[in-house]
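Colleague: Before we open the model, could you walk me through how you read helix packing, charged pairs and backbone angles?

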Amino acid sequence: MKTIVYIGDSITDSWRHRELDRYRGSGWVTMTSGKIGVDYPGQYQFFNRGIGGNRTCDLLARVKKDCINLKPDILTIMIGVNDVWHEVNEDNGVSPELGENIMNLFIAEVKQALPDVKIVILEPFVFCGKATKDNWETFSTGVAKRAEMSRRLAEKWNLPFIVVKDELQKLIDKTDVAYVCYDGVHPTCNGHEVISRVVYEELKKIL
């Protein structure tokens with residue numbers, strides 16, 4: 001049986017159970033795992049290793065425990081929003097330059113330990129909502145830089161890069177931000193379904 005690990009922040013975490021891995025949260029990780037489990041029965045096991053509030057530096061700190069030790073065949077990564085948010089709220093963010101260096105180290109560590117792992121990078125995103133509107137310019141420009149960081153890393157390492165924001169925007173254009181991301185950062189079930197669909201379409205190429 002092959003292993004898929006999803007690692008990131010609260011958008012990946014989505015209230016997963018910390019002790020029971022079969023409870024993978026209420027978001028796109030569970031939705032995507034369900035799609036794979038039905039279409040590829042008995043072929044994959046899944047681990048959600050998102051942790052709410054994580055920055056890029058937090059991912060690197062747990063690269064061995066929450067990634068390498070699980071020996072994933074496929075790894076998805078979504079990170080970056082909290083590098084900005086922690087700066088806004090606590091003056092403890094991570095600069096784009098440092099974040100890129102950290103994530104480069106993260107990928108290098110994983111690749112050195114698991115040379116055959118297939119890594120997929122997801123674009124971090126943010127919208128103008130109740131959690132971001134008071135500092136919208138900071139959030140907008142800051143997260144855009146982290147999205148570009150993620151894209152550059154994908155290009156450098158020749159990894160698939162999944163555009164998320166544009167897909168969410170399509171649904172927002174038909175409804176509103178709160179329908180898709182209730183606070184501008186965290187998706188509703190509708191937003192999570194959008195993410196799950198685009199992730200699954202990419203994963204099907206490597207399953």
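**Reading a helix pair, then the charges**

Modeller: This is a predicted model, and I begin with a pair of helices: α2 and α10 cross in the right-handed sense.

Colleague: At what angle do α2 and α10 pack, and how far apart are their axes?

Modeller: Helix α2, residues 28-39, packs with α10 at an angle of about 45°, and the axes are 8 Å apart. Angles between the roughly parallel range, under 35 degrees, and the roughly perpendicular range, 65 to 115, count as oblique, and α2 and α10 are therefore oblique to each other.

Colleague: Which residues of α2 and of α10 make the contact?

Modeller: From α2 the contact takes W28, M31, T32, K35, I36 and D39, while α10 supplies C189, H192, E193, I195, S196, V199, Y200 and L203.

Colleague: How many salt bridges does a search of the whole structure find?

Modeller: The search finds twelve. One of them links K170 to E167, with the closest N and O atoms 3.1 Å apart; both residues sit in helix α8, residues 165-174, at a spacing of three residues, about one turn of the helix. K170 is partly exposed, with a relative accessible area of 48%, and E167 also counts as partly exposed, at 27% relative accessibility.

Colleague: In the salt bridge of R18 and D13, how far is N from O, and is D13 buried or exposed?

Modeller: The side chains of R18 and D13 meet at 2.7 Å, N to O. D13 counts as buried, at 6% relative accessibility, while R18 is partly exposed, with a relative accessible area of 42%.

Colleague: Turning to the backbone, what is the phi of W15, and where is W15 found?

Modeller: As a rule, most residues other than glycine have a negative phi. The phi of W15 is near 65°, a positive value in a residue other than glycine. W15 is found in the loop between α1, residues 10-13, and α2, and W15 is exposed, with a relative accessible area of 78%. K71 likewise has a positive phi, of about 50°, although K71 is not a glycine; this residue is found in the loop between α4 (63-66) and β3 (74-78), and K71 counts as exposed at 57% relative accessibility.

Colleague: Last, with which residues is E87 in contact, leaving aside its neighbours within four places in sequence?

Modeller: With those neighbours left aside, E87 is in contact with N92 and G93. E87 has its place in helix α5, residues 81-90, and counts as partly exposed at 39% relative accessibility. The C-alpha atoms of E87 and T138 are separated by 9.5 Å, although these residues are 51 residues apart along the chain.

Conventions: Residues are numbered from 1 along each chain as its sequence is written. This is a predicted model: local features need pLDDT of at least 70, side-chain atom pairs count only at pLDDT 80 or more; totals for chains, interfaces and linings use all residues. Side-chain values use heavy atoms; hydrogens and water are left out. A salt bridge is a side-chain nitrogen of Lys or Arg within 4 Å of a carboxyl oxygen of Asp or Glu. Buried means under 20% relative accessible area, exposed over 50%, partly exposed in between (1.4 Å probe, protein chains only). Helices (H or I, at least four residues) and strands (E, at least two) are DSSP runs, numbered from the N terminus. Axes are lines fitted to C-alpha atoms, for helices over the stretch in contact, and angles run from 0 to 180 degrees between N-to-C directions. Angles under 35 degrees count as roughly parallel, over 145 as roughly antiparallel, 65 to 115 as roughly perpendicular and the rest as oblique. A crossing is left-handed if the near helix is turned anticlockwise from the far one by less than a right angle, and right-handed if clockwise. Contact means heavy atoms within 4.5 Å.
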